[in-house]
Amino acid sequence: MITDVVIAGGGPNGLMLACELSLAGVRPVVLERLPEPSGEPKANGLLGQVVRMLDRRGLYERLSGSPEPPQPNSAYFMFGAMGLDLSLLEDSPVYALPVPQRRIVQVLQERAIELGVEIRRGHEVVGLAQDDDAVTIDVTGPSGAYELRGRYLIGADGAHSTTRKLSGIGFPGVTYDRMTVRTAHATVPADWVDPATGALNVPGHGAVLPFLPHRTERGGFSYAPVPGHPPLVSATEWDRPGTDDPMSLDELRASIRRVLGVDVPLGPPDGEGPHVLRRLTGGNTRVAERFSDGRVFLIGDAAHVYAATGGGPGLNLGLQDAVNLGWKLAAVIRGSAPSGLLNSYETERRPAAHRMVVNAQAQSALIAPGDDVTGLRELFAELLRDRSTVQRLAELIAGADVRYDMGGREAHPLIGRFAPDLELRTPTGPVRLAELTRPARPLLLDLTEEASLAETLAPLLHDHVDIVTARPLASAPTALLLRPDCHVAWASASPRPDPAETEELRAAVQRWFGAIEPARP
C-alpha cells in the first residue's frame, strides 16, 4: 500500500502542511520523533503576513482566543533595535500574534486530527530510497522498525533535518560564533513596569519597550511579557561565550549589568513550567541548495534557518512554505495539476527565503557593538524618518514584499501579492474575505457590475474554481482570482473587464488550476 504523502516532523510546519493537504482532499501520515509534543519554550509568537494567513484558515481565533480579526500594529516596531514609526504608514503590514509555540502546535494538531490526519508519535525517519513511483521510508517506532511507502515525502524535521541529509541536499550558509544570548523566564519589580505602555523602566538606564530588542554599546537586552507566562528576559553579548557550568539567573543578571550598566533584580519565575533558562552561543543563517529532490520536498527549518533577529522569522516563513506547497502537491496527487505546478514551489519560496537572509543579516549588522556601527545607526535613524523607508522595512519584516511571478502581464499592482483584507456584501449578508478562503479552494471574487464575470465564466470553470459575487463595503478591485494560498493570480479594476482581460483571466485559471472549457464561438 502506498500513502500519498508522508510528512517527517510534527511541529508547526509539518502540522500546517497536513491541514492544507487535508483541506484539499489528501490525507497525509505525519511521523514525529518525539512521543509527546515538546514542552520546551521556543518561539513566543508570530509576526507579519503569516498572521493574516492563519486568519484565512480560521485558525487566528483559536490561537488568539478572540473573535475579533487581526489588527495591524500601527504604533511602533523595531528594525535592528531601532524604532520604526508605523504611525507614518496609511496601512501597516505588521501584524503580531503573541502565542507560545507549544500552543501553536496544540491548535494545529487539534485541527489536523479534526481533518482526519494520522499522526504517529515516537516514529522517526532513519532511511529513504526513491524510485519512479514512490519513496520507500525506513522508520523506527515504539514497536520496532518498518517500511512505509509514500508517493511524496516532506521533510519538516527541523534545522538538523534527517530528510535533507538522507536526500543529499546541501545546506550552505554562514555560522556566527561571536554572539552569546542568555535568556530566562524571570520576575521583575512590579513597580518598574509602566501600566500604560508595558515598558520596563530601569532606574539609571531608562525605559525598555516590551518585546523589542534594545541595543547598547556593550550588547543587547529585551523584555517580553508574554501573556499568561512570566516575562522572558534576554541579554546578548559578543565575545563572552560563558562557561560549561549550567546556566543560572546569576549569570543572566551579570550579563544584563554588563549590557545596561546597571543591575536588574531578577527573581525566579512564578507558576508552573516549563521555564526557559538557557545560554546559546552562535547561530546559523543557511538556505538549502535546493528545496526538493525528486519526490522529496523540504519546508521550514529543514530548508532555511536564520540567526535570531526577533519575530520568529523561521517559523513565520515555514508556515507559509507549508501553505504554498500544500495545494500544489494535492493537485498533483489528484491529477488536476497543470504542467510544472510543483516546480513553482521552489521558484516562489526560495526568493522568499533569500529575502529573509537579507533581513537577518542587515539586522545583525545594525545591532553589533562598536563605534562604527553606532555611526551607521545614527545615519540610519535619519532614514527612518522617511515614510517610504519605513514602508519598505515594515514590508520586509512582515514578508509583505513577496510578489510571485504569475506568468502573465502584471497589469494590476495586486497580481502576485497576498490578497488584501476585504469586507464584502453578498446576497446572504456581509462577509470577510478571510471567511471565504477557509476551504483552501481557488476563488474568483466577482465584484463587477451585474456579476458579469460569473455569468460568463461559471459554465466554463466547472469545479476548478469557486465563484463568489459580492459588492465591497469600501474601495476594492472589481475582480480577483485567488490561489488557495491567497496570492492574487489575476485582478482587474475595470467595472466590466474587457475581452482581453477576460482572456488573461482564463489563461491564469489554466496556468494554476488546470484545463477549462474552451471559449465557444
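**View 1. Strand S9 and its two antiparallel partners.** Of the 7 residues in strand S9 (residues 135-141), 5 are buried, which leaves the strand mostly covered. The view, like those that follow, is taken from a predicted model. On one side of the pairing list is strand S8 (residues 124-130), which runs antiparallel to S9 over 6 bridges. Val 125 is placed opposite Val 139 of S9. The two strands S8 and S9 make a hairpin, with 4 residues between them.

View 2. Asp 138 has Glu 147 in S10 as its bridge partner.

**View 3. Pro 484 in a loop between strands.** The loop that holds Pro 484 lies between strand S26 (479-482) and strand S27 (488-492). Pro 484 has a relative accessible area of 3% and is therefore buried, the cut-off being under 20%. Leaving aside residues up to four places away in sequence, Pro 484 touches Met 53, Arg 57, Trp 327, Ala 440, Arg 441, Pro 442 and Phe 513. A C-alpha separation of 9.0 Å is found between Pro 484 and Arg 438, which are 46 residues apart along the chain.

**View 4. Glu 346 in helix H8.** Helix H8 (residues 343-367) contains Glu 346. The relative accessibility of Glu 346 is 19%, so this residue counts as buried under the 20% cut-off. With residues up to four places away in sequence not counted, Glu 346 is in contact with Glu 289, Arg 290, Phe 291, Ser 292 and Pro 351.

Terms used:
Residues numbered from 1 in each chain as written. Predicted model: local features only at pLDDT ≥ 70, side-chain atom pairs only at ≥ 80, totals over all residues. Heavy atoms only, no water. Buried < 20%, exposed > 50% of the residue type's maximum accessible area, 1.4 Å probe, protein only. Contact = heavy atoms within 4.5 Å. Pairing = 2+ DSSP bridges.
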